[in-house]
Amino acid sequence: MFSIIATSLRIGTLTERDPFGVPPFFGFPAIDFSRCSACEECARACPTGAISAAAPAPGQKTLSLSLAACIQCRECVAACPDQIVNAATGVELAAHTRAQLAQTASFTVDPITGTAAFDRLEAQPGPGLAESAERFRARLGGLLGRSLHVRQVDAGSCNGCELEIAATTNPLYDLERFGVHFVASPRHADVLLVTGPVTRNMEIALRRTYEAAPDPRVVIAVGACGCSGGLFGEGTYASVGGVDRVVPVDIYVPGCPPRPQAILNAMLVAMGIRQARSDPRNPQAGSGAA
């Protein structure tokens, strides 16, 4: 007993006062579209189609980056000949829709030389972060308060996300100090934390779990697989795809897997303590109390 007390005194407090204050060495890729030549090398290197190129009209090109499908493999960073795809360090990247995790740039192509010049960033379809946050708060009606009961659902994960979810409970992050608790039954849960591409044999189970949770139930899709199907895609023989193909999703947390800070941030967004954000190059965008 005395040795335990002595060890505790020697180690001191491990819990991070600000769990979001220490950025990781690598987060998501960030493309400097203003310097991009639309050579499409990054798109060809991307294994999940998170970066995609298109030619919507003669003399035009588009290049899109979707963090929802990104597995953070860094292949795009290595493939870019112009070195304009950088490793950003943002982790607080919760969003309310898939579209809010995407960026699309338009380029004008010179008909003679074939070179592309950046034109503009396209507006993504659907509501913006502020509008989605307002709708989310209106639906919850302040019922969750300052406590959150979470039921985690593995709908086909490789368990990478589960390891990061478990890390949110360790002394370093200590999610219970924020009033967040994991529960064993969806009937006791405010939030369903869903991981993995929804496999065919888990589709019904996920839907029944969602129906068992009391209103206002909140669904958080965790990881690239939960957000978009990830490497496994959508509509395959074994996988339905992203969580939103089966049940409505309120918050998306990209990453493969997302870091504990990102998962914790999403839970605090659900509680209304923090706001969603989706730009890895600007970690302050959307931060602060809701």
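Let's start at D250, which is buried, with a relative accessible area of 15% (buried means under 20%, exposed over 50% and partly exposed in between, using a 1.4 Å probe on protein chains only). The model you are looking at is predicted, so local features need pLDDT of at least 70 and side-chain atom pairs pLDDT 80 or more, while totals for chains, interfaces and linings use all residues. Residues are numbered from 1 along each chain as its sequence is written, and side-chain values use heavy atoms, with hydrogens and water left out.

You will find D250 in the loop between β12 (239-241) and β13 (251-253); helices (H or I, at least four residues) and strands (E, at least two) are DSSP runs numbered from the N terminus. Leaving aside residues up to four places away in sequence, D250 touches A95, H96, F136, R139, R217, V218 and V219, where contact means heavy atoms within 4.5 Å. With one of these, R139, the side chain of D250 makes a side-chain polar contact at 2.7 Å (a pair of N or O atoms within 3.5 Å; within protein, one must be able to donate a hydrogen and the other to accept it, and residues adjacent in sequence count only if both atoms are side-chain atoms).

Now turn to G21, in the loop between α1 (2-11) and β1 (29-31). Is G21 buried or partly exposed? Its relative accessibility is 46%, so G21 counts as partly exposed. Although G21 and Q261 are 240 residues apart along the chain, their C-alpha atoms are separated by 9.5 Å.
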